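I opened this model to take notes on a few places in the fold. My entries follow in the order I looked things up.

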Amino acid sequence: MNSHVFAPMRATVLDNIRESEGIFTLRLQLSDPQHRASYQFMPGQFNMLYLYGVGEVPISIVSDPQDPGVIDHTIRSVGRVTRGLAKLEAGAEVGLRGPFGQGWPMALARNKDLLIVTGGLGCAPVVAAINFALKRKAYYETINIVQGVKHSDDLIWRRQYEAWQALEGVEVFLAADQSGPGWPFHTGLITELLGQVTVDLKNTLAMVCGPEGMMHAVAESLLQQGLSAYSLYLSMERNMQCAVGHCGHCQMGADFICKDGPVFAYPDIRDRLLLAGV
C-alpha cells in the first residue's frame, strides 16, 4: 500500500473505451509526475476511484503492472458513481486511492500450468494476471483461460480472447449458459468445460473469479478432478468502502475482503462461501 491511503491522487482520463452496452474501460494516468513514478501494483489488486462530488467505488486494475504509467479499469455501469464515470471524456480528472488488497500469487504459479476460470465481468480481476503471465511465458508451462457468461451477448473482449487463443501455449475456452445466433463456442455451464482443459492438475495453479455460486461450483469440480486445495485461489467481492479494513462493510467472518483479500486461498474461505450474514 502506498502513502495515499485516504487522500486521493488526481488522475487524468486518457481514454474511455466502450466495451459493450453498460461496460467501459477507463484509461487513467496519475496527474502528478511523482505519484506516477512511484505507483506500482500487482495483478489482482484494486483502486478506489473517486468521482468528485459524487462518490467512490472499488475497481479492479486490468492493465499490466509492467506499465503502471497507464492504469486501466473495466467497469460495469450499475450505480450513481459508475454511471458518472461512464460519461467522462479524455482530459477529465478523477481521484484515485490505491493500490489495495492482496493480489494473485504469480510467484507460486511459476513452472506450473496456469488455469484461469472466470464468469461474467469477473474476467476483469484476472486480466492483469493474464497479461503478466503472457509477458513472462518462460515462467509458466501453459496458460489456460476459461470464461463463462450468462448469455453470449454478455461476452466482452471477444477479439482479446481470439488474440490470446492464437498464442503458442495458450488455450481459451468460452461458454454461455444461453447462446444467440452465430455463437460458435460451448453452450452450457462453465463447469462442463473443465474436463476439456488439458492441464496437469498435479502441477497446476488455478485462479477463479466471478459470481460466488459459480466459483464454488468450479472449485469443488477442480478438487474432485485432483487439484490440490492450496493450488486454488479465489477473488472475492463485497461492498468495499474504506479499502483499509476500518469501516467493516466488507467483513467476511474474521477477514476483511479489502485488505485480507480480495484474493484468498480456497481452504481459507471454503467454509464461508454461500453463507448469508458472515
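Which residue in strand 6 is the bridge partner of Y50? I looked it up and found G95. Before going on, I noted that this is a predicted model, where local features need pLDDT of at least 70, side-chain atom pairs count only at pLDDT 80 or more, and totals for chains, interfaces and linings use all residues. Residues are numbered from 1 along each chain as its sequence is written, and side-chain values use heavy atoms, with hydrogens and water left out.

**Entry: strand 6**

I started with the strand itself, residues 93–100. Helices (H or I, at least four residues) and strands (E, at least two) are DSSP runs, numbered from the N terminus. Strand 3, residues 46–51, pairs with strand 6 in the antiparallel sense, over 4 bridges. Two strands pair if DSSP finds at least two bridges between them. Strand 1, residues 9–20, also pairs with strand 6 in the antiparallel sense, over 4 bridges. There I found G95 again, as the bridge partner of R10.

Buried means under 20% relative accessible area, exposed over 50%, and partly exposed in between (1.4 Å probe, protein chains only).

**Entry: aromatic pairs**

I counted 5 aromatic pairs. Rings of Phe, Tyr and Trp (its six-membered ring) pair if their centres lie within 6.5 Å; planes under 30 degrees apart count as stacked, over 60 as edge-to-face and the rest as tilted. One of the pairs is Y39 with F41, tilted, at 6.1 Å centre to centre and 45° between the planes. Both Y39 and F41 are buried.

Another tilted pair joins F46 and F100, at 5.9 Å centre to centre with 40° between the planes. F46 is in strand 3 and F100 in strand 6, so this pair ties together parts 54 residues apart in sequence. F46 counts as buried because its relative accessibility is 2%. F100 has 1%, so I marked F100 as buried too.

**Entry: charges over rings**

I looked for a charge over a ring, meaning NZ of Lys or CZ of Arg within 6 Å of the ring centre and within 35 degrees of the ring normal. R110 lies over the face of Y139, 3.8 Å from the ring centre. R136 lies over the face of F132, at 3.7 Å.

**Entry: salt bridges**

The structure holds 10 salt bridges. Each is a side-chain nitrogen of Lys or Arg within 4 Å of a carboxyl oxygen of Asp or Glu. E56 forms one with R97, the closest N and O atoms being 2.8 Å apart. This pair links distant parts of the chain, with E56 in strand 4 (residues 55–60) and R97 in strand 6, 41 residues apart. R97 is buried at 4% relative accessibility, while E56 is partly exposed at 27%.

R238 and E212 meet in a salt bridge at 3.0 Å, N to O. R238 sits in the loop between strand 12 and strand 13 (251–252), and E212 in helix 5, 26 residues away.

R272 forms a salt bridge with D271, at 3.8 Å between the closest N and O atoms. Salt bridges that share partners join D255, D271 and R272 into one network.

**Entry: S231**

Is S231 buried or exposed? S231 counts as buried, because its relative accessibility is 12%. S231 lies in the loop between helix 5 (212–225) and strand 12 (232–235).
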